[in-house]
Amino acid sequence: MSTHAAPAEAAERLTTGAPRSVALLALAGASASVLAGWLVWQSPLVPHAHVLGVAKGLLLAGYVAVGVYSWARRPTSRLGPLIAGAGFIFTATALTAVDRPLPYTVGRVALAALIVYFAFLFASFPRGRLLSPVERRFVGAAAGVSIVLWTLLLVFAQQLPHGGPLSDCTADCPDNALQLVGTSDSVSRALGIVTSYITALIAVGVIVLLARKAVGEPLVRRRALTPLIVASIFFAATFTTYSVISETASPPTGLGFHIALALGAVAVPLALLFGQVRGRLIATSAMWREMSQIAPQNVTPAWLQGFLSDTLGDPSFELAFWSDEHSGFVDVAGEPFDLPSPTAPRSVTLIARRGLPSLALVHDIALNEDLEMVQGLGVTAAALLENATLVGELRASRARIVESVEQERHRLERDLHDGAQQRLTTIQIKLAVASEEAEQSALRAELEELAAETAAAASELRAVAHGIYPPLLHDAGVAPALRAVAGRAPIRIRMVDRGVGRAPAGVELAVYYCALEALQNAAKHGGPDVQVVVTLARASDEVVFEVRDDGPGFDPGSDGDGIGLVSMRDRIGAVGGRLEVRSAPGAGTSVRGMVPVS
Amino acid sequence: MKDGHALRVVVGEDSFLTREAITSLLEDTAGIDLVAACEDADSLRSAIAREEPDVVLTDIRMPPGHRDEGIKLANELRETRPEVGVVVLSQHAEPAYAVLLFEDGSHGRAYLLKESLKDRDELVRAVVTVADGGSVVDPLIVEELLELQRRRRDSPLDRLTPRELEILGLIAEGRSNGAISEKLVVTKRAVERHINSIFLKLNLRESDDVSRRVKAALLYLSGERVDGS
């Protein structure tokens, strides 16, 4: 099936490949960091060379480490090698610490290249590719202008422009080793000023690009971008200010400024790392938060689709469900669903449960960068859905059992009413007529005795029929039926009906018998003096009832009253409701139930 | 008898046996003219439209719904034919049904248990009373209610004298002051004094309208106060 091509590709992305390349990259990065650190450490051009050497080494190691981490996690993404690459170019800039014209000149060119490289890296974050024409044009222009400017500089300038804060040499640096045409100082100065403004322009351009990207991206991308935007604005602002001041006046020497620059430089690799982790953190924490709140009966296909769409920040997100009936996927409405072709700008992540297809998550290709997150959410969603289905099936089966029992009781009651009870009534009437007409007093006495017997039988039968299914419940609802119970009970029962109205037969019966059980318990344990309040109410979509007594109460921890409570819970649970029993020795008992009615 | 002519009665009862029994009871009764006997709610409605009876005698449960068609019909007739009296026959010794029947007033309504049909006088009394605009509640129901109330501890009924209890029962049955004085062989003045005392002791609002006080007494005995306290 062609539709499976996309998931297969997606699954491949997840396999952690090329561990050897990753290890080699890590090793090369470590060596390069040590080399760069050492170059600065022993440099005569750098003040506090030892401290700055260690700092430089650590900074480069940071870039390489973040790059290695990204690559190991997503071997098919170019982002990891790109970030590590920044570390290697950074290493080359350490040549500016060498007090000889040629290495210094190479280091300065590397520094110029690093600025263009950063522009490319930031503009392509987090995909590792320049996707929009604006991004491509901007990076192209930055590279082009830098090449032209540096060709001019290398040919004409005796002194290369100040390298800004990233340069290790800050004063009395070597000359341009490649100068072909001798010129006056003013040419070097002019080109230097132009360079610093161009650099500032590139920095501002990168910030604008990042901000623009953050606005247009789906939420999950935005979450990844925010840390980098904050870090790069900070970094670019300090960098540009320093460069412009150095070139137009003299390098600033304030300690605060240096601390800010160091923080800015360190913040960038950290932001690159944090940005990748953050999207997943937010998505998973949202999932957990939601999962701990949602009731199983509320987990519907539509709810899951909406929830995942929100969590992933992908408005185009679609969820498809495997259907054995259709031998294929169906959408949230149960209609057959065709997975997008591999060429569509949408990706499919398949979720299997116990080796069987379960869910298909159809999402923006942008989310391929966070495939583990998508898969994790998908597996959790499938588990939630399965749980909801099981809970629903169990509830439906309990409800069916309860309903069939209730129907049977109702039928019995009606059979008695329409059959035996009617016959007895008729016999009573006929006996009465016969005894009126009987002329012999002995016969009349006999007939009257028979009539009395029949009346007793009728009354007993009525009580039986009533016990099987109280007709009043069927005809008038819970409130009148319980009121009738209250009227008959040997204890004082106050009825408070806050407009419970009518509800489906199953719900009324469950509430009635549950309240009856609670009333019987109150009478049994509370004796003749117990007072009971029965409250019935209707919330927007729930029938609420409460039976509260001032009897002796019990310790809910002990299981003395277990069976009565279990049968009450079963009745209420079978119609999807819940029961709260509160009691304490000496403090009475409150049985409170809530049953949803749709 | 109403204005000298026999009371025209229509019967609705789905059980053949009971219908026959009721028919035989009423056919032999002077002053009652049984004009139709129907087996379901719909044919009963058309018989009422056709025969324009003085009294309708109906079962509570009837086809097609087998629910409380009799009570529904009685409430319907209060709108469409207020002059028609209705006797509802029931298998349920359940005062709540009488309360349901009296929801919009107990004027011209009677609630009778089927087992009371054996007493022809009781049936005839109910038919004649509702034709007259009065109310009747089966004495068996009232008796049971009084019994239940008296069994309770701290029942407010303990405050009543035996004679007052007896009168409260008769009120709940729908008897007028005249009927009560006749039955107890006391003067109407004495009955009125007793009734005042009962209503005062039970903190019930008194009403001169007999049919309204039936409902009040019935509700009171069913364990529900209607005094607004």
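Two strands count as paired if DSSP finds at least two bridges between them, and strands (E, at least two residues) and helices (H or I, at least four) are DSSP runs numbered from the N terminus. The model is predicted, with local features needing pLDDT of at least 70 and side-chain atom pairs counting only at pLDDT 80 or more, while totals for chains, interfaces and linings use all residues. Residues are numbered from 1 along each chain as its sequence is written, chains are lettered from A and ligands numbered from 1 in the order in which they are written, and side-chain values use heavy atoms, with hydrogens and water left out.

**View 1. The open sheet of chain A has 4 strands in the order S2-S1-S4-S3, with antiparallel pairing.** Strand S2 (328-330) and strand S3 (346-353) each have a single partner strand, so one side of each is left without a neighbour in the sheet. S1(A) (residues 318-323) is joined to S2(A) by 3 bridges, and A:Phe321 stands opposite A:Val330 in S2(A).

**View 2. Helix H10 (residues 301-312) and helix H11 (residues 371-437) of chain A have axes that come within 11 Å and cross at roughly 160°.** Because angles over 145 degrees count as roughly antiparallel, H10(A) and H11(A) are described in that way.

**View 3. Strand S5 (residues 492-498) and strand S6 (residues 531-538) of chain A pair in the parallel sense over 7 bridges.** A:Arg494 has A:Val533 as its bridge partner in S6(A).

Methods
Axes fitted to C-alpha atoms, helices over the stretch in contact; angles between N-to-C directions. Parallel < 35°, antiparallel > 145°, perpendicular 65-115°, else oblique.
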